[in-house]
Each structure stands twice: as C-alpha cells, then as structure tokens.
Amino acid sequence: MSGYLSRHVRLALALPLAVALGLTLAAASPLAASSGAGSPGTGGSLSELETLARVAAPLVRLAQAELDVAGHRNDAARAGQGARLFGGGGLNVAREAVTDTLSRDYRRLNAQLGVRWPLLGSRNAQVRSLREAELAAAQGQQRLRQARSDAVQTVRRAYVRQVRTTQRLQIAQVFLDMRPRATAQLDSRHRSGLMLEAERLKLLGLFDAVQIASNNQLAQQALNLSELSRLTGQHPQVVQTQPMVWPETCRSADTLLASADESPAIALAQLELNTWGQIADTLKHTGLEASISLAQGLTHDIGGPNGRNTAVAIDFSMPLQWRAQRDAALGQIQGERTRLENLLQVRRGEFHALAEQQLVQWQLRQAELAGLVRRLEAAHEAVRVASRRLEAFDGDGYASLLTARHELYQASIQVIDGAERRDLAQLDLLALAPESCGSAIPAAQDEGSAVLSTLPAGFAAAAKAAPAPDAVGWYAWEGQALVERPSRLHALPSGSTRVLISFTAVQLHRLTLPSEKNRLLQLLAKARSLGIRVELLLGEPAWVLPAHRQDLLDLLARLRALPFDGLNLDLERSQLPSADQPLWDDAVVETLQAVRAAVPWPLGLTTHYRELQSPDFAQRIAAAGVSELVAMIYVSNPVRATDIARPLLQGPVGLRLALAQSMESTLPPEESSYSVGKAAALQRWRQLAKSLEGQPGFSGVLIQSLEEFNRARP
C-alpha cells in the first residue's frame, strides 16, 4: 500500500517495536537459540537440530557427566598401580638400663623412606580395580552413544510430527477458506426455503469440526516445538517443515542384521564379557596377600652421633581356608562368564526379533498408505461427480457437494496420518542401525506434498459450480478499534467476508497480554459467527533484507500462538532504498520461506501487480509457501482493472490471487474510488469481482482501506 502503509506500518511498527521489545537489527538465522536464557541462536533444519541434540539433550548431558566421573575414576585407578612410596619419622625419649644400678637417658630422632611392591593377591587387587574402572569408562562411552542416538531419534520423531502437523493445518485451511462462501450459500438456500434449518446447521457443523481439529493441530505444533526446545537446549522459532528421505539401504534386512554389534545393549554385554575375561586372571590368588619393600632409615641421638639402617622386608598372609576361598572365586568367575554369555545371546535374539518386527511394521504402514492414497483418489472423483450433478440439477446437490468436499478433506488428512505413521515406522528402523544409514535428504515430493498440490485443484470445480455472492475484504489499519468493539463488524458492508487488521507496535506487544488476548479472541469468535475471516496484516519493506529479516521472525515468534485466520505481509519493492531494490526478488522469496516455517497461519503477500508480470515470480512465491497473492491494481475503472488482472490469474495451481483496490482520499480519481462515494464504489468492486468470478484461483477484492471507506460520502 504505497504511501499510507509505509507511514503507518514502517514507522509505527518497526521503530517503536524495536524499542518496546528490545529487538536489534542484527542478522540472525531462523532458529532462535539459548544457552539457558532464550537468546537468539542458529538452527532450523533437521540436521542442525540433530547436531544440537547430540550435545544439549538432557540425557546426553547426564551421560556426558557420568562419563567424566568414570574417566576421573579410571585415571585415579591407573595412577594407583604398581609400587608405593612409604615413609615415616619420630622422636623417642627413652631411659635404658645399663647395669642394675645405672641407666642411660637419651632422645633420638629417626626417619625412614622406602618403596613397597605388592605381590600376588595385593597386586591382583590393584589390577582388578583398574579393569573395573576401565569397564565403567567404556560403559559410559556406550551410554553416551546411546543417549545421543536416542536424542537424535526423538528429534526426528518431533520433526516428522511437525512436518505432518503443518500439512494438516494447511489442508484444514483450504477447507476453512470455503466457509464464508458456503455460509452465504446455505443461508440463501435456507431463506429461500430450499433447505431445512437442521440440515443447514449440520453442514455448518462440518466447518466447526474442521476448525476444532485445526486448533488441536496448533496445540500439537506448540508441543512439538517445546519438545525440540527441550532436546536442543534452545527455543526454535522456525523449523523447516520439509519431508525427508533416508537411503534405501536403511530399510534392508541385511543392513539391519549386519549392524547388530552396533546396538548399545549388545555392545554393553560384549564389553562386560570381555572385561570379565581380564578380571578372571586377577582372582586366582584371592586371599594371598604379599609385598616386598626396601627402606632406608636414619637416626640421630640428640647430643650424640648419627646412625642409619637399610631394610629389605617381605610380608605374607593367607587365610586358613585359602583353598576353599580360591575355589569359590573360580566358581564366581565361571558363573559370571556363563551369565554374560547368556545375556549376550539374549540381547542378539532381542535385536533380531525387533529388527524383523520393525521391518514388517514399516512394510504394513507402506501398504496402508497406498490404500489411503487410493481412497483419496476416490474422494476426488466423488467431488467431481457432485460438481457435475450440481451443474445438471440443483435440488439438494449443494449439500451433497459440500459433504463430498468434507470427505475429500478427511481423506486428505488420512493420507497425512498414514504418511506420519509410515515415517515413524521408518524412524524405528533407523534407530536399529543409526551408524549404518547416512543423513536424511529433503524429499522432492511425498504423499503429503502431493495432497497439498492437488487439494485446491480438487476443490476448484466445486467453487466454480457454486457462484460466490458479492463479497469484498478490507484492510483495517485501526485494528485496535475492532478489538475494543467487536460489534463494529456488523457495520461492514453486506457481503464482507474478510478483514486484514493492523496494529501499532505497542498494540502488538499488548496483544500477548492475557487481558488483550481475551479481547482479541472475542473479536475472532464474533467474526467467525458472521462468516468473516480475520487476518493479521504486517508490513515493513526492510524485512525482506537479510539484515532485518530476524526482526520479523522475532515478532512472529511472540504472536504465533494467536489464532488469526491468516497472515498477510505487505512487502513492496518501491518502498526500499534505490540501492536495495535490485535485491528484492530473491530477498522476498527467502523472507517468505522463513515466515512460512515460522507461523501456522496461511500466508499471503500484498505487492504491486507489476511484480506478477515477471515470468516465474508467481511460481517462486508459491514454492516459498505463499497461498495467496494480493495484487495492488489501483485502477478505479473496473473494466480496465479486469483487463490488467485477467493475465495474472494464470498462476500455479493452489496459489490464489486477490485484487487490491484503493479508497484513499489522497489518490487521484483514476486510481481511487473515494470521490464517487460508498455506494458507487461498492458497485465498482462487485462488478470487478463478478467479471473475474469464473477465473481459477481468483479469491476476491480487497479494499484499502476500511477507515477511508467509512469517511467517504454515501
């Protein structure tokens, strides 16, 4: 929205919000991180999340701490091996008898220093303590490896759920986008006596059920992000939600069986068995304690001469029942070896059984998904047949068509559910051989993305078969006024189906407070009861630039829990400084990709229609995750506006196109309808919508702005 949008949003949003929320203009990557306090960081892709989890997951940190302790104990045991240095000293005050009548009094200082070597059982005890410490350190390494593998596995499962949750939300939104049109059609049929009230309520209940399911998926998204935050030690605001594939060898039975020794449970049993083979040698002399020592001593009599002594000593001890003790120790050795050999065999059997079970489970899930895809094809055909029947004879055909579309929605969700079950079964296979499988790579297309690409086309015929009533949408810059008085929605012109609301920086900050959030929820509930969608409108041209993109992502991270029906970004090339304008094409695509991954709402872009005349612009925008383009065609003549818009509607399947018309008092009459008044302006916009109604992907007319319209003459 040239002029007004720049002043209202760019100045009122970007600068005060940076001050109010403490944001900076430094560039950052899409994943906000923290080392304990929630500060920005890096991450977002599956590989980045896995890397973070290998270090920061709570169980990994615990296993690392236990390994450090075991390592220090091992060092202490190693340092305690071999000979020991001993010494001592003392002062003696003595009286010794020389004759029966004569005694000698003296004081003597003495000191001794020597080396003692342990032998037999004493030496074996040292070696045994070292072997046990080495075993504990090696077990710590295996537990750390297991903790890292478990953390990666949990991250992957949360990532898969996030991918499929996002797809379910997108599918639900495609269905919910039909709600205003369907509500108007059902109301019209009910008023005309063509439909009973009970049937109308039943059909409207389909949308309520989908809305509830969508809300549940939003809650699941939050749980997935919370799980990723716990595992990575950071706070992911943006998670790339692209399906991933792993090498085919990961699902090979030969690969799984060959990786059995990598299993931590088997590795731990094998490690303990090997170590007990070494410990067994130290039990042969159990009970036999011996040592040899060499010492040098010095003495000095106070007031007398010095003396010295050199000593070599051997000491030995053994229990009286040494042979019985030795036999018991040998029995312990043999029993422990037998236990560990049996344990190793049990662990191998468990691994083979689990590998076989998981492989069968994956094959079953794969076959189940194929059946769900066929069911989806049948649902597409049912919608097509219902559309043809509605064209041939009306009757109750519209109710059948709407029911068929809901069944298409359900079949699409079932495909996503089946894809998620298949993906989780595949992850269970990967967990059996984590080091034998390479890294995941993004999938060009899978069943879920195929559903998303065909679903809008599957609904398109039905949309054409049910003409929309005269409908317009509004840019409302004073969104806070609607929040404070939701009853103002009743004053919207007849046929209004959507409102894009904007807020100042301070108002956006307050929306996250409980009191303001409750008022917003009341507005959204009121709008939905009237069949009106409420979308959040944000605009700041600099957000497309890498240096400022994180400001937008930080803002969305605070707002993403609010249940708006969509997000529309106004990003115009002409509002950038001249030096930055050549960067706009690639930069806006990258920004939209980051936003698409950051929020659960359907994403729209408002920009000048000249951008859509670029050959591949619409395709790139659609690939970035945008579901609707709003082309600013500020031409008040509806015939001329239709001629400009018609070529733009040949975009990719699934990308909707709306037209933005101006009601701004500051623009000349050939660009704005302000001068002709409300009634004539509405007539123009409805004529424009009617002329484009049959075009695939056309989603209506949006007016800039509601405030200017209310100020115009009747």
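Residues are numbered from 1 along each chain as its sequence is written. Local features need pLDDT of at least 70, side-chain atom pairs count only at pLDDT 80 or more, totals for chains, interfaces and linings use all residues, and side-chain values use heavy atoms, without hydrogens or water.

Start with confidence. The chain averages a pLDDT (the predictor's confidence in each residue, from 0 to 100) of 80, and 87% of the residues score at least 70. Over residues 2-43 pLDDT stays under 50. Residues 461-469 also stay under 50. Where pLDDT is low, the predicted coordinates should not be read in detail.

Now the barrel. Eight strands (DSSP runs of E, at least two residues) close it in the order β7-β8-β9-β10-β11-β12-β13-β14, with parallel pairing. Pairing requires at least two DSSP bridges between two strands. β7 (residues 472-476) and β14 (residues 698-704) pair over four bridges, in the parallel sense. There, Y475 stands opposite Q704 in β14. Helix α15 (residues 546-559; helices are DSSP runs of H or I, at least four residues) packs on the sheet. Helix α15 touches β9 (533-538) and β10 (567-570), contact meaning heavy atoms within 4.5 Å.

Next, helix α16 (residues 584-598). At 1.5 Å a residue, its 15 residues should span 21 Å, and the end C-alpha atoms are 21 Å apart, which agrees. That expected span is 1.5 Å times one less than the number of residues. Of the 15 residues in α16, 11 are buried, meaning under 20% relative accessible area with a 1.4 Å probe, protein chains only. Among them are W584, L592 and R596. The buried residues of α16 pack against α4 (120-176), α15, β10, β11 (603-608) and α17 (617-623).

Terms used
Axes are lines fitted to C-alpha atoms, for helices over the stretch in contact, and angles run from 0 to 180 degrees between N-to-C directions. Buried means under 20% relative accessible area, exposed over 50%, partly exposed in between (1.4 Å probe, protein chains only).
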